Each structure stands twice: as structure tokens, then as C-alpha cells.
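Me: I have a structure open and would like to learn how to read its features. Could you walk me through it?

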Amino acid sequence: MATVNLSDYKPLHINDAEDFSIGIVFSEWNDFVTYNLRDAALEILEKEGVKSENIKLFSVPGAFELNYASMQLCKERKFDAVIAIGCVIRGETPHFDFVCDAVAQGIKDCNILTDTPTIFCVLTDDTKEQSIARSGGDLGNKGVEAAATALSMINFKRNLSDKKANIGFGK
């Protein structure tokens, strides 16, 4: 269980963040959580210098649909990163396990099968209270961490490309 505030992050100070293009896919299911995650991610991206017109929002019905939408955005190659935001809360049936596993695997596939970093910002909590605590409550907001991760991965990819160009790899 998380015990630290997820909203505590150190500013990244990435020089060219205003040029970054980021797609955010968020689930409408459990919107009392996902909207908070989305809004926190937006706030951090803009605070770090990403232009609001370079951030595109896409809603999907539930967490399971995040895979399809994220993969489609990755395939378009218009975004430097994609953030997948959702929330699955354990219920009385194994449905929770199937959805959580499928979403984790789908986001992993985006990272392996495409060249676009795809960030997993899907809460998989046992209770509604745990989800609230991680989406703006006592434990901060996981959306902050997702935005910082997206920026770090874009920066990593650009630095890696620059190093390859400097030593003759790629093309």
C-alpha cells in the first residue's frame, strides 16, 4: 500500500517541453477518480511547459477500452507519449482480476510494439476509499506521477535518439 504523497515531485525543467505532444486517454468509468487523475496530469504538463494545444484528450467508456485507444494513438505517431488513465475497484467477482491484467498487458504491449512511451496511470484498488486517496486525497494524485513519467520518457527517448545520431546508429 502506498504511504507517500504521490503528488510530491521535483520539477523536471525540460528545456523543450513546449514542443512535446501528449495524448491522454481516460476512462469514463469511475469518473469521480479518473477526472481527478486527468486534471492533475494536465496541470503538471502545463506547469512543466507543454502547450495546452499540444495536449489532446480522449475519453473511453471503461478501463478495458484504454488498450485499444492507446494503441491507436501510438500507431498514429502524432504523440510523443500517451498517458492511459483509469480506475478499477475490486468487486465481488473475478472481473477485477481479468480487467486489471488485460489493461496492464495492453499498455505494456503499446510500449513494446510501438515507439511511443505509454504511461500506465490505472488505479487498481480494493476499495473506493483507496482510489479517492490516490486521486487527490490523503496520498496525493497518481496523475501527477503519470505526467512527470511521460515527460521523463519523452526526454529519455529524445536524448537516446541524439546519442545514436552522434555515434552513427539508427537511420
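Reply: Let's start with Glu-92, which lies in the loop between strand E3 (81-89) and H3. Helices (H or I, at least four residues) and strands (E, at least two) are DSSP runs, numbered from the N terminus. This is a predicted model, where local features need pLDDT of at least 70 and side-chain atom pairs count only at pLDDT 80 or more, while totals for chains, interfaces and linings use all residues. Residues are numbered from 1 along each chain as its sequence is written, and side-chain values use heavy atoms, with hydrogens and water left out.

Me: Is Glu-92 buried or exposed?

Reply: Buried means under 20% relative accessible area, exposed over 50%, and partly exposed in between (1.4 Å probe, protein chains only). Glu-92 has a relative accessible area of 85%, so it is exposed.

Me: Which residues does the UniProt "binding site" annotation with Glu-92 cover?

Reply: UniProt positions are given here in the numbering used for this model, feature names are shortened, and annotations may be inferred rather than shown by experiment. In the unreviewed entry, that annotation covers Glu-92, Thr-93 and Arg-134. They are spread over 43 residues of sequence and also in space, up to 23.1 Å between C-alpha atoms.

Me: Where does Arg-134 lie, and what does its side chain meet?

Reply: Look in the loop between helix H4 (128-133) and strand E5 (135-137) for Arg-134. Its relative accessibility is 9%, so Arg-134 counts as buried. For the side chain, think of polar contacts: a pair of N or O atoms within 3.5 Å; within protein, one must be able to donate a hydrogen and the other to accept it, and residues adjacent in sequence count only if both atoms are side-chain atoms. Here a polar atom of the Arg-134 side chain lies 3.0 Å from the backbone oxygen of Gln-130.

Me: How do I describe two packed helices?

Reply: Two packed helices are described by the angle between their axes and the distance between the axes. Axes are lines fitted to C-alpha atoms, for helices over the stretch in contact, and angles run from 0 to 180 degrees between N-to-C directions. In this model, the axes of helix H2 (residues 66-76) and helix H3 (residues 95-113) come within 9 Å and cross at roughly 10°. That makes H2 roughly parallel to H3; the classes are under 35 degrees for roughly parallel, over 145 for roughly antiparallel, 65 to 115 for roughly perpendicular, and oblique for the rest.

Me: Which residues of H2 meet H3?

Reply: Contact means heavy atoms within 4.5 Å. On the H2 side you will find Leu-66, Asn-67, Ser-70, Met-71 and Cys-74, and their partners in H3 include Ala-102, Val-103 and Gly-106. The buried residues of H2 pack against strand E1 (22-27), E2, E3, H3 and strand E4 (118-125).
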